[in-house]
Amino acid sequence: MESALSVLTFRIELSLKSWMSIALTILTKKPAFNGFWSQQLNVNQGPFRETLNNKAYDVYNITEYILYPQQGGELAIEPIEMTAVALIQIESNKSFDPFFGGGYETMQIPRKLKTPELKIKVKEFPAGAPAS
């Protein structure tokens, strides 16, 4: 951590097909920011496109925090756990389209996701710094 202020963004990056999307994300476990003062920000959840290593991804920002370290040393940010619900369109004969003789159904597929624990090294505060 190079500065006193850091922004931490939890996001999902997916290589999706045109017939897939993320409908909903539910945070089931928010991280505890032990050793940090934190404030949650409002984020543009997406989806929006990003390219990484010449591959396009749909990106969904889940949540974002401003973090201010309150102590020096190695600090851990606990994992965040969530459930993401993907919507997938499949061809189906159940949905009747009178003009073409068929249609599409949308299936909801829930997936549990968990980030790894994140370790951050924070420089010790300068000598003579106030305790509060």
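Biologist: How many salt bridges does the structure hold?

Modeller: The structure holds two salt bridges, a salt bridge being a side-chain nitrogen of Lys or Arg within 4 Å of a carboxyl oxygen of Asp or Glu. This is a predicted model, where local features need pLDDT of at least 70 and side-chain atom pairs count only at pLDDT 80 or more, while totals for chains, interfaces and linings use all residues. Residues are numbered from 1 along each chain as its sequence is written, and side-chain values use heavy atoms, with hydrogens and water left out.

Biologist: Thanks! What does Lys-114 meet in a salt bridge?

Modeller: Its partner is Glu-81, with 3.8 Å from N to O. Lys-114 sits in strand E8 (residues 103-114) and Glu-81 in strand E7, 33 residues apart, so the pair links distant parts of the chain. Strands here are DSSP runs of E with at least two residues, helices are runs of H or I with at least four residues, and both are numbered from the N terminus.

Biologist: Is Lys-114 buried or exposed?

Modeller: Lys-114 counts as exposed because its relative accessibility is 56%. The cut-offs are under 20% relative accessible area for buried, over 50% for exposed, and partly exposed in between (1.4 Å probe, protein chains only). Glu-81 is partly exposed, because its relative accessible area is 25%.

Biologist: And which residue does Glu-117 form a salt bridge with?

Modeller: That one is Lys-119, and the closest N and O atoms are 3.2 Å apart. Glu-117 has a relative accessible area of 42%, so this residue is partly exposed.

Biologist: Let's zoom out. How many helices and strands are there?

Modeller: The chain has zero helices and nine strands. Of its 132 residues, 29% count as buried. The accessible surface comes to about 9400 Å², with 51% of that belonging to carbon and sulfur atoms; such areas come from the Shrake-Rupley method with a 1.4 Å probe, and for residues only the protein chains shown count as cover.

Biologist: What share of the contacts join residues at least 24 apart?

Modeller: Among contacts between residues at least 6 apart in sequence, that share is 74%. Contact means heavy atoms within 4.5 Å.

Biologist: Which residues touch the most other members of the largest nonpolar core?

Modeller: They are Leu-8, Phe-10, Ile-12, Phe-33, Phe-36, Leu-67 and Ile-77, out of 18 residues in that core. E1, E5, strand E6 (73-77), strand E7 (81-92) and strand E9 (118-122) each supply at least two residues of this core, and E5 gives the largest share, four residues. A nonpolar core is a set of buried Ala, Val, Leu, Ile, Met, Phe, Trp, Tyr and Cys residues joined through side-chain atoms within 4.5 Å.

Biologist: What does Ile-12 touch?

Modeller: Not counting residues up to four places away in sequence, its contacts include Thr-25, Asp-58, Met-82 and Leu-113. Asp-58 is found in strand E5 and counts as buried because its relative accessibility is 13%.

Biologist: Why does Val-7 count as partly exposed?

Modeller: Because its relative accessibility is 49%. Glu-64, in strand E5 (residues 55-69), counts as buried because its value is 18%.

Biologist: One more: what is Arg-11 in contact with?

Modeller: Arg-11 also lies in strand E1. Leaving aside neighbours within four places in sequence, the residues in contact with Arg-11 are Phe-48, Glu-50, Val-59, Tyr-60, Asn-61 and Ile-62. Arg-11 is partly exposed, because its relative accessible area is 34%.
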